[in-house]
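Please read the following briefing alongside the sequence and the coordinates.

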Amino acid sequence: MIDRIKKLYTDNKTIFLIAGLAAMIALPFLIVKGSVMSIIVKILFYVILASSLNIINGYSGQFNIGHAGFVLIGAYTLAILANFGWPIWVLYIVAGIVTAIIGFLVALPTLRLRGIYLALVTLGFSEIMRLVALNWTALTGGPMGIKGIPSPWFFGLRSTAPHNYYYIVLFFVVICLFTSYRVINSKVGRAWMSIREDDHAAMSLGVDIRKYKSINFMFGAFWAGVGGALMAPFYKFIDSSMFTLDEGFNILSMVIIGGQGTLVGPVVGSVVVNLTTEIFRFADEARLLVYAVLIISMMWLRPQGLAGTSKSVIANRSIRKSKQVLLSKLSGKKEVK
Amino acid sequence: MYFLEQLINGICQGSIYALMAIGYAVIYGVVGLVTFTYGEIIMMGSFSAFYYFIAFGNNLWMALIAGFITAALVGVVVHKVCYQRFLDAPRYISLICTIGMSMFLKNLATILFGSEMKGMPTFFGGKFISIGTIRVGYLQLIIIAVVIILTVLLTIYLKKTRMGMRLRAVSQDKKAAALVGINVKTTTLIGNCIGCGLGGVAGILLGVYYNSVLPTMGGMAGLKAFSAMVLGGLGSIVGSAISGVIIGVVENLGIALTSSGLRDVFAFVLLVLILFIRPQGLFGKKGN
């Protein structure tokens, strides 16, 4: 079924995109409740965060499991500098750039590392950032966090209400998805994918692995930083407990559930995960049990993610099928359907 | 003198980390997959001891055995859910599965046992030996002894028995092991259970050492185990043990120099630095 939906989409791409964007713009006029709107804003935050992680994990095949660390840097950069009176609109970008620089520093050791070692460095980085934010009381407020983060001015309005803030987030989501789309379909994006498929082969074809891997990390970190910076004025309060490793795992789960290495995957993942956890909010503590079961059953039934293609190598079923086809071809029998 | 005491605390804590890391190394070696459920297995072991003490009185040795068995049983479940299907699939699938499993167990424990901290009984009446001005607790000595004994037993088991030989064969090369007639499936399961059991014992020691158990205690413990295992070179038992002790000592000396809030920072900074200098870990072979 998912494949059929996808075909329908690719056939009428422009119509779908314009209709989707119009629907997104009209959305705040249809929904009156502020609480529902803030859930939608939250989904949009996670669209940015999951997309940025997808750039790193899905397109260049590096395994970053400490994405919360980047989000933390973005959020704290905005919160700290906003208290010095910097304009918020500039700070969204500044936070992104600061995070991208940190991302480059994290990428330095990762140029030598792969797989599990890389995963562990990003994990360690994320925890170090959280603990520094927790203990550096003078700068980050320590366990008290930072309160009273101002909201940006938006057409003469202070955009504190979810209905207004929604447009700011939507603006960044559109830019994030658009730039990701452009970059992925450029020379850089193809270089990332070649590294993901086989880095030795990529190297032999003249792809500068070190350069493209660091660009990849910086690009992902930039959007993670912007995402974090967007969150801070909306919640008006940040502290280090919002950026634990579990938060990083949460973003990772969205990417995987949606489908790694696809542009729509993180969007789908963010919507599905956030809606599930919100729908089961009445179940209180058991809500996370539902989420955990969702993750595990997803891996059992559709490991390539909701938006991933079933022709993907990751889909177990297609491996089995292609093996059967291969075997039947070898033995000269008819193809197994 | 203060530093010497901190050093002893570090060695004691490090030996608990070492035991966790050894368990993790056994799992990683045999199953060949990274797990994030290990912390929750440690927590389960710890809680089983907590309820053992309530039901049958304060017998540390029997509780250790109970913890081993409980953790091994949880290990079977984890194996069935997270590993068995995905042994040949891309690695991140089982990794995400273990993340889901960890979330599941943690929240299940919170619902079943309550989220508040629970006190463990004190053992050996808080007695200590004084050497000059330095105090060494009985409990600390017992913990170090338990860890050393278990490590020696495990080494003997792996080197001398037929089952241990099978475990080593599977961890070296699954296909070759299957070719010489080893039942890879069962062996992987058994290896995973042994690793989880060791984690459970380490969890009890951790709980007894800090006099407390919590449903969320597993997260950081599991990360320390993972770090120590990677630091020691993936799957190397001796390496894991030594790096576990190193992490414990560095943490405690770091606290002695600065403040106790920075405890975990030292472990992770050490980890990142060492991986930066030696990407294959302290005792790993190059080119892995």
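Predicted model: local features only at pLDDT ≥ 70, side-chain atom pairs only at ≥ 80, totals over all residues.

Residues are numbered from 1 along each chain as its sequence is written, and chains are lettered from A and ligands numbered from 1 in the order in which they are written.

**Interface between chains A and B**

- The contact draws 33 residues from chain A and 32 residues from chain B, two residues being in contact if their C-beta atoms, placed from the backbone, lie within 7 Å.
- On the side of chain A that touches chain B, the elements giving two or more residues are helices H6 (115-135), H12 (245-258) and H14 (286-301) of chain A, where helices (H or I, at least four residues) and strands (E, at least two) are DSSP runs numbered from the N terminus.
- H6(A) gives the most to this side, with 12 residues.
- The residues of this side of chain A comprise 26 nonpolar, 4 polar and 3 charged; Ala, Val, Leu, Ile, Met, Phe, Trp, Tyr, Cys and Pro count as nonpolar, Asp, Glu, Lys and Arg as charged, and the others, Gly among them, as polar.

**Domains of chain A**

- Chain A is divided into domain 1 (1-30) and domain 2 (37-306), with bounds that come from an automatic or database domain assignment.
- The C-alpha centres of domain 1 and domain 2 of chain A lie 24 Å apart, and 4 residues of domain 1 are in contact with 6 residues of domain 2.
- Helix H2 (residues 13-30) of chain A supplies the largest share of the domain 1 side of this contact, 3 residues, and that side divides into 4 nonpolar, no polar and no charged residues.

**Hairpin in chain B**

- Strands S2 (residues 128-131) and S3 (residues 134-137) of chain B pair in the antiparallel sense over 4 bridges, pairing being assigned if DSSP finds at least two bridges between two strands.
- Phe128(B) has Gly137(B) in S3(B) as its bridge partner, and in this hairpin, which has 2 residues between the strands, Gly132(B) takes a positive phi near 65°.

**Surroundings of Phe226(B)**

- Phe226(B) lies in helix H9 (residues 218-231) of chain B.
- Phe226(B) counts as buried because it has 25 C-beta neighbours inside 10 Å; a residue is buried if 20 or more other C-beta atoms lie within 10 Å of its own, exposed if 12 or fewer, and partly exposed in between.
- Not counting residues up to four places away in sequence, Phe226(B) touches Leu120(A) and Tyr24(B).
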